[in-house]
Structure formats: C-alpha cells, structure tokens
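Colleague: I have some questions about how the labels in this model were assigned. Please show it first.

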Amino acid sequence: FLVPRAPEEDDRPLCVCVAPDGKSAAVCTDTARIFLLDLSAPGASEQLEPLWVKEAAHEDRIVCCQWLGEDCFATGSEDGFVRKWSTKTRD
C-alpha cells in the first residue's frame, strides 16, 4: 500500500496495526490521516484500496495505533489525544 499524496505533501505512514483476525489494517500517517485497509479482499496482496480514509483524524501526526477488538482501534498523536475508532460507524 502506497499512501496517496500530492507531490508537495510530505506524508508517510508512521504506524500500522492489524486487526486480531488479520482481515483489516489501519495505516496512520504523518499528516494525521487514517487509512483502513481490507486485507482479505481478492488481490489484496497486489494492490490495496482503502475501505475508508479519515482526514484530519488528529491535530498532529499519529505516532501509535492499537487494535482493541474486532471492529475498533485506538490512535495516539503528538497532539496529546488518544482516540478510539469504530470500523462499523467509521468514526
């Protein structure tokens, strides 16, 4: 998976967490975006398309993420906040 970005952006993945069942992954970036990936989709090993993207998930770069259960994960940022995300409600 290559993080999509404009040529002038210096965006890069800083952390990745994989769901306990191995079917999903959250990729968190330097510009505070979260990409949720479906690892179980046919052809996923060749090209991954995000299930959803959360723009401006934090006010600063996301430096850690951890899957908490089947459908939720948490992220931590240099903005000082830890946030919990649901894959079902996409927030």
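Colleague: Which residue takes a positive phi in the hairpin of β6 and β7?

Modeller: Glycine 80, with phi near 95°. That hairpin has four residues between the strands. Note that this is a predicted model: local features need pLDDT of at least 70, side-chain atom pairs count only at pLDDT 80 or more, and totals for chains, interfaces and linings use all residues. Residues are numbered from 1 along each chain as its sequence is written, and side-chain values use heavy atoms, with hydrogens and water left out.

Colleague: What makes β6 and β7 a pair?

Modeller: Pairing requires that DSSP finds at least two bridges between two strands. β6 (residues 72-77) and β7 (residues 82-86) have five bridges, so they pair. The sense is antiparallel. Glycine 76 stands opposite valine 82 in β7.

Colleague: How do you know that β3 pairs with β4?

Modeller: Four bridges join β3 (residues 34-38) to β4, and the two run antiparallel. In β4, proline 50 is the bridge partner of leucine 37.

Colleague: Why is serine 24 called buried?

Modeller: Buried means under 20% relative accessible area (1.4 Å probe, protein chains only); exposed is over 50%, partly exposed in between. Serine 24 has 17% relative accessibility, so it counts as buried.

Colleague: What does serine 24 touch?

Modeller: Contact means heavy atoms within 4.5 Å. Not counting residues up to four places away in sequence, the contacts of serine 24 include Cys17, Leu37 and Trp67. Serine 24 lies in β2 (residues 24-29); strands are DSSP runs (E, at least two residues), numbered from the N terminus.
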